[in-house]
Amino acid sequence: VHLNPAPATFAQALDRFVGQFFADARFYQGLTRTGTSGPGSLLRAALGNRGLWLLTFHRIGYHCVSERRRRSPTWWFARLCHGIGSCFNVAFCKSAFSADCEIDGVVYLSNRGYLVCGALSIGAGSLIHERCTFGSTVAGGGEGRPFIGKRVWIGPNCIIAGSLTVGDGATVLPGSFLTHSVPPGAVVKGNPAQIVRTNFDNSTLRRSLTVVQDVAADHS
Amino acid sequence: MNSEFVADVRRFADKDRPSQGFWRLLLGNYGLQALLAYRLGRWLLRAGHKWYLWPLLPVGWPLYYLLSRYVRAAFDIRLELSADIGPGFYIGHFGAILVRCCRIGSNCSIGRLTAITPAAHGPGPVIGNCVWIGAHAQIVGSYRIDSGATIAAGAVVRRDVPDAALYLGDPAHVVMRNYDNRCFL
């Protein structure tokens with residue numbers, strides 16, 4: 001059963017893409033422009049966040065990969081946009097996404113960039129900070145790519161490599177190197193990472209972007 | 001240009017699809033562009049000692065300057081000319097790579113966000129042949145890493161690495177002895 005069937009017409013695809021872009025922009029507005037509202041604020045959030053552009057160009061690339069069996073003129077246009085967008089991501093975000101990474105809902109990707117994501121999927125409502133690496137591993141583990149669940153908070157400088165799962169609502173503290181899967185709601189820390197707390201509610205962490213400095217100061 | 005860069009190109013061709021031509025390989029691999037700038041700079045340094053190559057220097061140095069600035073601005077890969085990198089160097093990914101004042105042997109690989117630099121004042125690290133260094137690895141200080149060692153992703157080297165083993169963690173410690181990294185190097 002497909003929850004999100006492929007859009008049949010160009011109008012449907014465009015409608016879904018624009019709707020997703022505004023949902024992302026509202027999420028970024030809530031995080032980066034707290035205390036402001038209105039269309040002007042939304043416009044500034046849409047234009048001023050490099051992470052939002054990274055996410056948007058990744059969504060175009062994911063559309064190209066998932067629709068690669070039906071090559072319409074729209075597909076070729078999306079492919080062109082993805083080519084330009086990935087150059088933009090390299091130059092301005094220093095980031096790279098593998099195009100087949102599935103991002104379902106709104107996700108925050110850091111504006112500071114240095115993000116390489118080879119994950120298989122990232123769940124809705126996750127916050128991913130700068131200088132993170134997700135991908136397959138060749139040393140110290142097997143081959144494979146990680147799954148990242150919903151409402152996950154991932155601090156800066158984290159490495160998640162190999163076929164492991166980060167459960168829903170988990171918290172990965174800054175500077176962690178994950179070698180095992182993380183159960184839902186757990187807090188992990190360290191290099192190699194260990195579980196320091198279970199059943200932790202990270203909703204306060206996910207509400208603000210400045211809290212990462214306090215967390216990094218506590219755990220450095 | 002020189003045999004070291006040819007070895008680099010061979011290394012990248014082995015890692016990537018081997019059938020594609022040189023120009024597609026160069027355009028598709030940011031690490032190779034960084035290495036092109038670095039090898040050009042090292043060649044110009046050596047060419048300064050030969051008087052019959054002096055006419056090339058006024059063209060070569062501006063070209064090196066443009067190339068290295070482009071690589072640094074676009075991909076943030078910094079291979080400084082004070083580093084001595086052996087033939088067959090492989091850079092897996094772009095982003096925040098700093099290699100300075102060190103000696104690296106042949107056929108090494110490094111990942112992204114790695115720093116191979118000396119501490120504030122002092123000699124830099126010395127790295128042997130066929131060493132694999134993962135992403136986020138930090139080798140800061142005058143440490144010696146012997147041939148065949150594997151520094152896992154995220155490892156922070158705080159003392160010498162004397163044998164061909166897998167090192168992991170902060171500070172880096174031995175996880176597996178006699179670790180063979182030839183299958184992914």
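**A close look at the cysteines**

Modeller: Please keep in mind that this is a predicted model. Cys117(A) is buried, with a relative accessible area of 2%. A search over all chains of the structure finds zero disulfides, and Cys117(A) accordingly belongs to none, the nearest cysteine sulfur being that of Cys101(A), 3.9 Å away. With a relative accessibility of 53%, Cys87(A) counts as exposed.

Elsewhere in chain A, Ser110(A) is found in the loop between β3 (108–109) and β4 (116–117). Although Ser110(A) sits in a loop, it counts as buried, with a relative accessibility of 6%. Its side chain reaches the backbone nitrogen of Arg112(A) at 3.0 Å, and, once neighbours within four places in sequence are left aside, Ser110(A) is in contact with Gly51(A), Ile128(A), His129(A) and Glu130(A).

Turning to chain B, helix α1 covers residues 3–15, and its 13 residues reach 19 Å from the first C-alpha to the last, close to the 18 Å expected at 1.5 Å a residue. The buried residues of α1(B) are Phe5(B), Asp8(B), Val9(B), Arg11(B), Phe12(B) and Ala13(B), and they pack against α2 (22–28), α3 (30–47), β3 (90–91) and β6 (109–110) of chain B. In general, residues three or four places apart in an α-helix point the same way, because there are 3.6 residues a turn.

Chain B also holds an open sheet of four strands in the order β2-β5-β8-β11, with parallel pairing. The edges of this sheet are β2 (84–85) and β11 (144–145) of chain B, each of which has a single partner strand, so one side of each is left without a neighbour in the sheet. Two bridges pair β2(B) in the parallel sense with β5 (residues 103–104) of chain B, and Asp84(B) has Arg103(B) in β5(B) as its bridge partner.

An antiparallel pairing is found where three bridges join β14 (residues 166–168) to β15 (residues 173–176) of chain B. There, Leu168(B) has His173(B) of β15(B) as its bridge partner, and four residues lie between the strands of this hairpin, in which Gly169(B) takes a positive phi near 100°.

Notes
Residues are numbered from 1 along each chain as its sequence is written. Chains are lettered from A and ligands numbered from 1 in the order in which they are written. This is a predicted model: local features need pLDDT of at least 70, side-chain atom pairs count only at pLDDT 80 or more; totals for chains, interfaces and linings use all residues. Side-chain values use heavy atoms; hydrogens and water are left out. A disulfide is a pair of cysteine sulfur atoms within 2.5 Å. Buried means under 20% relative accessible area, exposed over 50%, partly exposed in between (1.4 Å probe, protein chains only). The expected span of a helix is 1.5 Å times one less than its number of residues. Contact means heavy atoms within 4.5 Å. Two strands pair if DSSP finds at least two bridges between them. A polar contact is a pair of N or O atoms within 3.5 Å; within protein, one must be able to donate a hydrogen and the other to accept it, and residues adjacent in sequence count only if both atoms are side-chain atoms.
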